[in-house]
Amino acid sequence: MKYMFTYDLMESTRNTYEWMGASARAFASYPAFAMSMNPMLPLMAAWGDVTERSFSRMIAKPDWGIRSIVGPDGQDHLVDVKNIVEKPFGNLVQFFVRRRSPMARKVLLVAPMSGHYATLLRSTVASLLPDADVYVTDWHNARDIPVSAGKFDVEDYTLYLAEFMKVMGPDTHVIAVCQPVPLTLAATAYLAAEDPDAQPKSLILIGGPVDPDAAATEVTDFGRRVTMGQLEHLAIQRVGFKYKGAGRLVYPGLLQLQSFITMNAERHGKAFTEQIMRASRGEASDHDAHNRFYDEYLAVMDMTAEFYLSTVERIFKNREIALNEFVVAGRKVDMGAITKVSVMTVEGANDDISAPGQCVAALNLLTGLSDDKKGHHLEPGAGHYGIFAGKSWRLNIRPLVLSFIDRAAGKPKAKIALASAQQ
C-alpha cells in the first residue's frame, strides 16, 4: 500500500537504534571487562544507555505522574485520572482530587494535537490543581485508531471541543495552549450561535496561531513555501500492520519529531553529547533534568492526515480563522457572536513558534465583545514553552490567569487580591 513501506521503514530504523543502544550498553557492561582500564568501555555503555532510552521513548505514551497534591489543610490528597467523555479520537479526562470538595474554579485545559501527547502539559496541570478542578483533552495516537472510526479533521476537532464544553457546563473556564487556540475560539463561537447557554465563563488563549500572517516564523514560512500537493506527498504515510490503525493515512509522529529536532539541531546535539559524558562519569540519573525533559519531548504521536492537512490549508494558508470565514458542519462560524465570554490572550516575547501578534489577533475578531471583557499579556523574555509550563508561567502568567478567571466569575476584588497573595 502506498507509503506504508516508508512508515514501517521509519519504525524499523527506530527499533534498530534502540536495539543497538541496548546491545552496546550490555556489551560494554560485561563483567569480564570489569578489570579493564579502557576508557572507551564506560563511554560505550553511556552511549548505549542514552541511545536505548531515547529511541524507546519515541513510541511510549508518558504517564501523567501526578500522584497527589498538598491541600490547604496540609494533608496529601491522592489524584485519580478519570475519563469523563470517551470518544474515538480523544477523551475528556478529569484530575479528580480525593477527599476534596468541588472547587470554585473549574478549568478545561485544551492540549495541543501537534505531535506530542497531552502529558506535555503535566506541569501546567500540576500547577493548577491546588486552586481548581482541572479537566484536560487527552488526544489519542492516530496509529491506534482503526480506519473504521472514520476521519478526523479541524471541523471534527472543533465539534469535539464544543461537546466537551457542553458536558462541563457554563461555569467552565477554558485554557487553550498553542495549536488548539484558533479552534477553541471557533468552538466557543460555534456554541454562541448554536447553544449560547453552553458557552464557558472565560477563554484564555496562550501562544496560538489565530493569525499566522501577523508575525513570521519558520512554521509560517514553511506553510507559505510548500504546496498542499507537495506536503501530502512528503509528509503523509499509511500506518503499518503492527498497529490497530493499519492503513490509516497519518502524519507520523517520528516525522514531526525530525522536524522538531532539525529546528534546533545544534542545541539538541549538544544536550545529548553532554548527557553521554555525564553518564560515562556516573553523574547521570534516571530522573535528572535531561531525562525529565527528553522523556516527554521524544514521545510523539501520529496525527490523522486530514487533520494535519486541513490545519495547514485552512488555518495557515487560507487563514479562515483570521478572516472570520471558518465553516463547521456546513455553518459559518462568526467570532463576533461571542458577546459574554471573557477572553484573554497570552504571548511570549521570544516565542519562535507562535510569534507575538499571532495570538492577540483573536481580540480584534471579537467585535461583539466589550473591551472590559478582553485582556492581553505579553511576557518579556519568554519562549513558547515558558508561557505555559516554564518559569514565566509559574511566577507571572499563572497568577494573572487565575485572577482573570476570578474576575470573569464575578468574584469581589478583595477576594481576588487575597487569592493572588496566597498563591
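This is a predicted model: local features need pLDDT of at least 70, side-chain atom pairs count only at pLDDT 80 or more; totals for chains, interfaces and linings use all residues.
Residues are numbered from 1 along each chain as its sequence is written, and side-chain values use heavy atoms, with hydrogens and water left out.

**Overall build**

I found 15 helices and 14 strands in the secondary structure of the protein; helices (H or I, at least four residues) and strands (E, at least two) are DSSP runs, numbered from the N terminus. The protein is as compact as a globular protein of its length, because its radius of gyration of 23 Å is close to the 22 Å that the globule rule gives for 423 residues; the radius is taken over C-alpha atoms, and the rule is 2.2 Å times the number of residues to the power 0.38. Along the principal axes, the C-alpha atoms fill a box of roughly 75 × 55 × 40 Å.

I then looked at contacts, meaning heavy atoms within 4.5 Å: among those between residues at least 6 apart in sequence, 76% join residues at least 24 apart. The accessible surface comes to about 19,000 Å², of which 56% belongs to carbon and sulfur atoms, with areas taken from the Shrake-Rupley method with a 1.4 Å probe, and for residues only the protein chains shown count as cover.

I looked up Tyr17 in helix α1 and found it partly exposed, with a relative accessible area of 37%. Leaving aside neighbours within four places in sequence, Tyr17 is in contact with Thr51 and Phe55, whereas the C-alpha atoms of Tyr17 and Gly74, 57 residues apart along the chain, are separated by 47 Å.

**The loop between α11 and β11**

Where is Asn324 found? I located Asn324 in the loop between α11 (305-317) and β11 (327-328), and it is buried at 17% relative accessible area. Its side chain is joined to that of Asp334 by a polar contact of 2.9 Å, a term for a pair of N or O atoms within 3.5 Å; within protein, one must be able to donate a hydrogen and the other to accept it, and residues adjacent in sequence count only if both atoms are side-chain atoms. Beyond neighbours within four places in sequence, Asn324 is in contact with Lys332, Val333, Asp334, Met335 and Leu365.

Arg319 is found in the loop between α11 and β11, where I noted a positive phi near 55° in a residue other than glycine; Arg319 counts as buried at 19% relative accessibility.

**Two further loop residues**

Cys178, in the loop between β6 (173-177) and α5 (181-194), has a positive phi of about 70° although it is not a glycine, and its relative accessible area of 13% makes it buried.

Asp153 lies in the loop between β5 (133-139) and α4 (154-168) and counts as buried at 13% relative accessibility. Not counting residues up to four places away in sequence, I found Asp153 touching Glu306, Phe307 and Ser310.

Methods: Buried means under 20% relative accessible area, exposed over 50%, partly exposed in between (1.4 Å probe, protein chains only).
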